[in-house]
Amino acid sequence: MTDPNIAADLSHVGEVAPVTDPANGPHKPRSLWGDAWRQLRRKPLFLLSVFIILVVVVIAIAPGLFSSRAADFSDLNHANESPSADAWFGYDNQGYDVYARTIYGARASLLVGIFATLLTVLIGSIVGIIAGYYGRWIDSVLSRFGDIFAGLPFVLGAIVILTTFNPPDSHPGEVRIIAQVVGSISVLTWPVAMRIMRSATLVAKQLDYVKAARGLGASTSRIIFRHLLPNTIAPVLVYATIALGAAIGAEATLAYLGIGIRSPVVSWGVEISDARDYFQNVPHMLLFPAGFVTITVLAFVMLGDAVRQALDPKAR
Amino acid sequence: MPDPILQVSELVKYFPVLSGVLFRRTVGQVKAVDGVSFDLMPGETLGVVGESGCGKSTLAQVLMRLEEPTSGTAFFEGRDMFKMRGPELRRLRRNIQIVLQDPYTSLNPRMTVGDIVGEPFEIHSEVAPKGSRGAKVRELLDVVGLNPEHINRYPHQFSGGQRQRIGIARALALRPKVIICDEAVSALDVSIQAQVMNLLGQLQGEFGLSYVFIAHDLSVVRHLSTRVAVMYLGKIVEIGTEDDIYAHPSHPYTQALLSAVPVADPALRGNRQIIRLEGDVPSPVDPPSGCRFRTRCWKVQDICAREEPALSIRAGGHLSACHFAEERSVVP
Amino acid sequence: MQEMLNTEQETLLEIEDLHVEFRTSDGVANVLNGVGYNVRSGETLAILGESGSGKSVTAQTIMGILDMPPAVVTAGSIRFHGEELLTASANRRTEIRGDGIAMIFQDALSALNPVFTVGFQIEEQLRVRRGMTRREARQRAIELLDLVRIPAAKTRVKDYPHQFSGGMRQRAMIAMSLALDPELLIADEPTTALDVTVQVQIMELLAEIQAERHMGLILITHDLAVVAEVADRIAVMYAGRIVEQAEVAELFRAPGHPYTEALMNSIPRLDLKGQTLKTITGLPPSLLNIPPGCPFHPRCERAVDRCETERPEQHNIGFGRVSACHFAEEVVARA
């Protein structure tokens, strides 16, 4: 092992006294998380993405603050009208206020995004850490198991799962359909999270401080929770932020295909789906919800990128 | 004469070579450690030297039970180390600790120094009651020459040498009897190496420690060791006191090794007889029959391929594994 | 090919008062603070220093491979055969690289491209820079691998770097660096990662090649023992400065700078045993915050007030010897 290249990070070069030199008086301890946060705070990319996400979250929590009209408000007299002072996003072919639907649709889309990601990361991390830590045949079995799920094409798998639960033309309630969509997405994407956690675990397991902990007689749970997880969570976290955006996009896809969220529940995906036959004549029906989906997904991707850069100790 | 604190006998560690995609089969064995025996006396430092691939690091891992041996025994204070389980194994861990090579990966970057040095007390809660741990940690930091006020700092705020001291403090926490130093100073700058070496020497006296000091730098090993074992391709080829090995080496490999070490004295230039070895170190998957060193040895005869030389007392009065062991002074 | 019979020592490289800064998010690091040395053909100049001394950065600046930004050359001159490199065009520097000055590194595994065969990496240079045909280049590559004593060069030329052992890889890297017959070779810790028996082979190989080609060799290392065995002259670096320069025998007989002296006292020697090593207290300074005056003063036993405020000049303490210490004469005399 040699000292790091001087060009990379000067305060870590060999024996050079680090910047927080004792001679300069007491300094606050600088953990890697603290450093990351400090760095993030300064990045405009991070701030912008957080702002967008916060706005979307607030819209989802309290749509009433943003729209005086309910999602099911309909006035056929104004059907297909372009955006105006009365209806900022115009009306769709059924006389729905596009703006109101978009605002109210944020909730379902966001809920799917958040819970699908949570579930994916949870399942994937648990399986990944077990596979990575125990290795050998356990790893083989779990990895092959994950490969099977990873091999299923997403759309096809989702169609199969969702149509099994909901025969065509049925109209499940909001909670039920959201839960099913969340479940389908998680079941089909958890292997990605698993692989990330597994490889991070394999690397972390080899590190000297894990060996030292084992040498001290640390229990398996201590090793996993104290030594492995804090150092393997970073890549999973970055993945999670991007996955959130992807899940929202997936929800839109499934709604478009008619197997995901559907009326009477409204989501951005539902709006996009409803707009499919009218796009050429009533473009605003499609553009606004699609725009919201795009911006939200982008915000999460930017967030993930910023977090990744901040957590990477080498890119300091 | 006191009893040895550690008695290792015919220790063997093979790593399987796996092949296959779906389900892996064993197609060979890496014979990393292939029959190593030695004693460690209380209070002494046994240096273990050898070049890459000789198995010295694997030896460290097995002695720490970070890897399980393939066969062989090791007795700690007369009790069989490898048979220990559960609470007995935990107690053993308090007695044998390790200091690792790389100051940049041997400390968890997300734990404070206080947490790192205090972790042994958390794992072995019977050693120190909760209230006293903070004081003990500060004391340890002081003992290794660090400022106890820095207890809440993170590893990246320390230099390489300081991190190594933290690692030593952690190893010392439970007051072990044996500390295995696996290339503990190899990654440090020259001037810092000296500081840490002095620290290790001083701690040994203060705490009555016995060291197994594994390193590739022969000058460093000479400085710290009472006795020295030379390893080659998984076996000990020569073992004796520091004087035996450095002043009267009898195994050809030891002689070649010593002759190759540069000495900081330009007056010796051109006057040293450097023994040049031919060829490369053979693969530990398929070591040569008989004496493993025979493929590169200038004394090789037929018997070397047929019969593996036993590690026994030969020329020079110490243990050596060569049919033609002969004392030869190579260190100026 | 160059004039191999020329045994006269001409000055190949002159570095004068080189200053390099690194702009980091934590501030400006003064990595090089007035570095100057010369190298002649056929001579081995060892640059001795620990981490942070600036020895590698100097070499990288010579080669022009430093990342600029964040590095900035703020002053100084580097002349190769009298030609100023720092103001030369990028093309000219590329021309000189490999042809005039070549470099080998500590870790051959990362210096060699893992996805190309060793042969390809040598041949590429020959075909692009010397216009050789594929066959000619292959022939020459085999010759070079032979030169560095890689057995079965004809077959090994088609191997990938990971198929070589550590020592062999280092040889392959040396072969690659010699492809264009450079006049000056910079070796940055070439043997630090190798076993000692392999180190001997590599250092001997370098010495042989150097003698044969009358090449200049800059050997960058932290190992005093290696320096004692192979160097003609030594420049000791600390905190981005040359603190002492001398011929090797002179340096060991009587170090002229407290740092050199302290360094020598702190290394364990193979032929000596068991005194407590005399350590140097403290740590090298952070390059973001080099103390005023002499950079070594916080750790120096001889330090007085003057050392804190006045930066020492290079004092002449003998024929061709300089030392940057206010008390250089006393230090030398003490030995």
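This is a predicted model: local features need pLDDT of at least 70, side-chain atom pairs count only at pLDDT 80 or more; totals for chains, interfaces and linings use all residues.

Biologist: What pattern does chain A follow along the sequence?

Modeller: Reading along, chain A goes α-α-α-α-α-α-α-α-α-α.

Biologist: And how much of chain A is buried?

Modeller: Of the 316 residues in chain A, 45% are buried. As for contacts in chain A between residues at least 6 apart in sequence, 69% of them join residues at least 24 apart.

Biologist: Let's zoom in on α9(A). Which of its residues are buried?

Modeller: That helix spans residues 268-275 of chain A and is mostly covered, with 8 of its 8 residues buried. The buried residues are Trp268(A), Gly269(A), Val270(A), Glu271(A), Ile272(A), Ser273(A), Asp274(A) and Ala275(A).

Biologist: Take α8(A) and α9(A), then. At what angle do they pack?

Modeller: The angle between α8(A) and α9(A) is about 40°, and their axes are 7 Å apart. Angles under 35 degrees would count as roughly parallel and 65 to 115 as roughly perpendicular, so α8(A) and α9(A) are oblique to each other. The crossing of α8(A) past α9(A) is right-handed.

Biologist: Which residues meet there?

Modeller: From α8(A) you have Glu251(A), Ala252(A), Leu254(A), Ala255(A) and Tyr256(A), and they meet Trp268(A), Gly269(A), Val270(A), Ile272(A) and Ser273(A) in α9(A). By class, that contact of α8(A) with α9(A) has 7 nonpolar, 2 polar and 1 charged residues.

Biologist: What comes just after α1(B)?

Modeller: Arg65(B) does, and it takes a positive phi of about 55°.

Biologist: Now the strands in chain B. Why is β10(B) described as largely enclosed?

Modeller: Because 6 of the 7 residues of β10(B), residues 235-241, are buried, the strand is largely enclosed by the rest of the structure.

Biologist: Which strands does β10(B) pair with?

Modeller: Strand β9(B), residues 227-232, is joined to β10(B) by 6 bridges, and the two run antiparallel. In that pairing Tyr232(B) stands opposite Lys235(B). The hairpin of β9(B) and β10(B) has 2 residues between the strands, and Leu233(B) there takes a positive phi near 50°. β10(B) also pairs in the antiparallel sense with β12(B), residues 319-320, over 2 bridges. There, Ile239(B) stands opposite Leu319(B).

Biologist: On to chain C. What is the strand order in its open sheet?

Modeller: In chain C, 8 strands form an open sheet in the order β6-β7-β8-β3-β9-β10-β12-β11, with mixed pairing. β6 (101-104) and β11 (315-318) of chain C stand at the edges with a single partner strand each, so one side of each has no neighbour in the sheet. From one strand to the next, the twist averages 25°.

Biologist: How does β11(C) pair with β12(C)?

Modeller: β11(C) and β12(C), residues 321-323, pair in the antiparallel sense over 3 bridges. Asn316(C) stands opposite Val322(C) in β12(C).

Biologist: What about Asp26(C): where is that?

Modeller: Asp26(C) is in the loop between β1 (11-24) and β2 (27-40) of chain C. With 16 other C-beta atoms within 10 Å, Asp26(C) is partly exposed. Asp26(C) and Leu288(C) are 262 residues apart in sequence, yet 7.9 Å apart in space, C-alpha to C-alpha.

Biologist: Last one: how many residues of chain C are in contact with chain B?

Modeller: There are 31 residues of chain C in contact with 33 residues of chain B. On the chain C side, the elements giving two or more residues are α8 (196-213), α9 (224-230), α10 (248-253) and α11 (258-266). The largest share, 5 residues, comes from α9(C). By class, that side of chain C has 17 nonpolar, 8 polar and 6 charged residues.

Technical notes
Residues are numbered from 1 along each chain as its sequence is written. Chains are lettered from A and ligands numbered from 1 in the order in which they are written. Helices (H or I, at least four residues) and strands (E, at least two) are DSSP runs, numbered from the N terminus. A residue is buried if 20 or more other C-beta atoms lie within 10 Å of its own, exposed if 12 or fewer, and partly exposed in between; C-beta atoms are placed from the backbone. Two residues are in contact if their C-beta atoms, placed from the backbone, lie within 7 Å. Ala, Val, Leu, Ile, Met, Phe, Trp, Tyr, Cys and Pro count as nonpolar, Asp, Glu, Lys and Arg as charged, and the others, Gly among them, as polar. Two strands pair if DSSP finds at least two bridges between them. Axes are lines fitted to C-alpha atoms, for helices over the stretch in contact, and angles run from 0 to 180 degrees between N-to-C directions. Angles under 35 degrees count as roughly parallel, over 145 as roughly antiparallel, 65 to 115 as roughly perpendicular and the rest as oblique. A crossing is left-handed if the near helix is turned anticlockwise from the far one by less than a right angle, and right-handed if clockwise.
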